[in-house]
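Open your viewer and get ready to select a few residues. We will take a short walk, one stop at a time.

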Amino acid sequence: MAELRREQGDERGAREGVRDVPEGRGRRALPEEERAWAELVETARRTVSDGLVVGTSGNVSVRVGDTVLVTPSGVPYDRLAPGDITGVGLDGRQVLGTLIPTSELPMHLAVYRSTDAGAVVHTHAVHATAVSTLVAELPAIHYMAGALGGPVRVAPYATYGTDELAENMLRALTGRTACLLQNHGTMSYGTTLPQAYDRTAQLEWMCHLWLTASSVPGLTPALLSSHQLTEAADKLRGYGQRG
């Protein structure tokens, strides 16, 4: 694993122009952080098995107090182990582990600093990425858009891992819990990892639905009005079982 860390640091420095993280940095993980890390790894692996990412693309994070646990850069999710826990403070300073955090850390931290998010999921889902190249906003093809706060916006393109991309993303997320990243992928957040993941999956499904419906020659998909989306959003707040 030490060799992997060295290779990973060299590769990331060459590709992304960011500083290396020194070996041995960080404190011992707390029990609640270890549990959250296990759930994070499970969620990251699910993004692969569900076809939302390929290889090591995309990334996942979860907040535990003032620490953000995040997938490391360039490490296949099926190789992540309990000892690979990677965490940073809200200022980006690494406090857990020695593996270099994801190159998309600026986006994750921007979400945590600006919202009440407990978890963030970023993917390169095929249909969602395709839609991000076609429109400035996902057409209101289904009422589940109401569960994301309304019509899903597309954040203008910027180089991955940059503050510019994080700023574009935040603007697209205003009043929303998910957005598309132009020529890039998806970004969603929630109070928990399952909620953040579900919002990502719903967004990909809606993008697939719109692409399918809009591909029928001579026909145009019916879209929902803002009133219909608001009505659906209000009803969705009471959806499910009550404890």
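A word on the model before moving on: it is predicted, with local features needing pLDDT of at least 70 and side-chain atom pairs counting only at pLDDT 80 or more, while totals for chains, interfaces and linings use all residues. Residues are numbered from 1 along each chain as its sequence is written, and side-chain values use heavy atoms, leaving out hydrogens and water.

Now show strand β1 (residues 59-64) beside β2; they pair in the antiparallel sense over four bridges. Pairing requires at least two DSSP bridges between two strands; strands are DSSP runs (E, at least two residues) and helices are runs of H or I (at least four), numbered from the N terminus. Two residues separate β1 and β2 in this hairpin, and Gly-65 in the turn has a positive phi of about 65°.

Next, colour β2 (residues 67-70): Thr-67 and Leu-69 point one way, Val-68 and Val-70 the other way, and all are buried. Buried means under 20% relative accessible area, with exposed over 50% and partly exposed in between (1.4 Å probe, protein chains only). In a regular strand, side chains alternate between the two faces of the sheet.

Last stop: select Ala-196 in helix α6 (residues 193-214). Is Ala-196 buried or exposed? Ala-196 is buried, at a relative accessible area of 0%. Leaving aside neighbours within four places in sequence, its contacts (heavy atoms within 4.5 Å) include Val-120 and Tyr-189.
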